[in-house]
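Colleague: I am new to this one. Could you take me through it by question and answer?

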Amino acid sequence: MGKYKIVGHEYLFDFGENAKYQLKFKSETELEVKVVADSYFKSGIVNHFTIEMTEVRDDLYLLTWTEPDSGNTVSHVDDFTAKVAYTNITNVPDNQFWRLKGTIKQLKD
């Protein structure tokens, strides 16, 4: 395990009806994202991203990464105490910018 408490754990991030993902923090720099529900991607697809993680305070993290296939950039502010996630995503292919707020639920490890 890394120095961050979330490393080695898996969570459900629920941003609404067609925006649900299982995030597994493999290490301080490796994130596995499984699509549960999404408007663009089929359920069950698993992606691996290289991330940067900063602990702002205990259980509050800033996460950033770039999706290599699309060039999309993603930033998260995740409060694991309040169980709230905020994400901003640049959707490069569609020239859009998304701002989402959702919930975080720890899954059984």
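Predicted model: local features only at pLDDT ≥ 70, side-chain atom pairs only at ≥ 80, totals over all residues.

Colleague: In what order do the 9 strands lie in the open sheet?

Modeller: The pairing in the sheet is antiparallel. The order, written from E4, is E4-E3-E2-E1-E9-E8-E7-E6-E5.

Colleague: Which residue in E2 is the bridge partner of Glu10?

Modeller: Strand E1 covers residues 10–14 and strand E2 covers residues 19–25. The two pair in the antiparallel sense over 5 bridges. In E2, the partner of Glu10 is Lys24.

Colleague: How many Å apart in space are Gly44 and Thr54, C-alpha to C-alpha?

Modeller: Gly44 lies in the loop between strand E3 (30–38) and E4. Leaving out residues up to four places away in sequence, Gly44 touches Lys34 and Val35. Gly44 and Thr54 are 10 residues apart in sequence, and their C-alpha distance is 28 Å.

Colleague: Which residues are linked in a network of salt bridges?

Modeller: Asp58 and Lys5 meet through their side chains, N to O, at 3.0 Å; Asp58 is in the loop between E5 and strand E6 (60–66), and Lys5 is in the segment before E1, 53 residues apart. Asp59 also forms a salt bridge with Lys5, with the closest N and O atoms 3.4 Å apart. The network therefore consists of Lys5, Asp58 and Asp59.

Colleague: Is Asp59 buried or exposed?

Modeller: Buried means under 20% relative accessible area. The relative accessible area of Asp59 is 17%, so Asp59 is buried.

Colleague: What is the accessible area, taken together, of the nonpolar patch on the surface?

Modeller: The patch is formed by Val56, Leu62, Val77 and Tyr86. Tyr86 belongs to strand E8 (residues 84–91). A residue in a patch needs over 30% relative accessible area, and Tyr86 is partly exposed at 40%. Together the four named residues have an accessible area of about 330 Å².

Terms used: Residues numbered from 1 in each chain as written. Heavy atoms only, no water. Pairing = 2+ DSSP bridges. Helix = DSSP H or I, 4+ residues; strand = E, 2+ residues; numbered from the N terminus. Patch = residues over 30% accessible without salt bridge, like charges linked within 9 Å, V, L, I, M, F, W, Y side chains within 5 Å. Areas by Shrake-Rupley, 256 points an atom, 1.4 Å probe, with all protein chains shown as cover. Buried < 20%, exposed > 50% of the residue type's maximum accessible area, 1.4 Å probe, protein only. Contact = heavy atoms within 4.5 Å.
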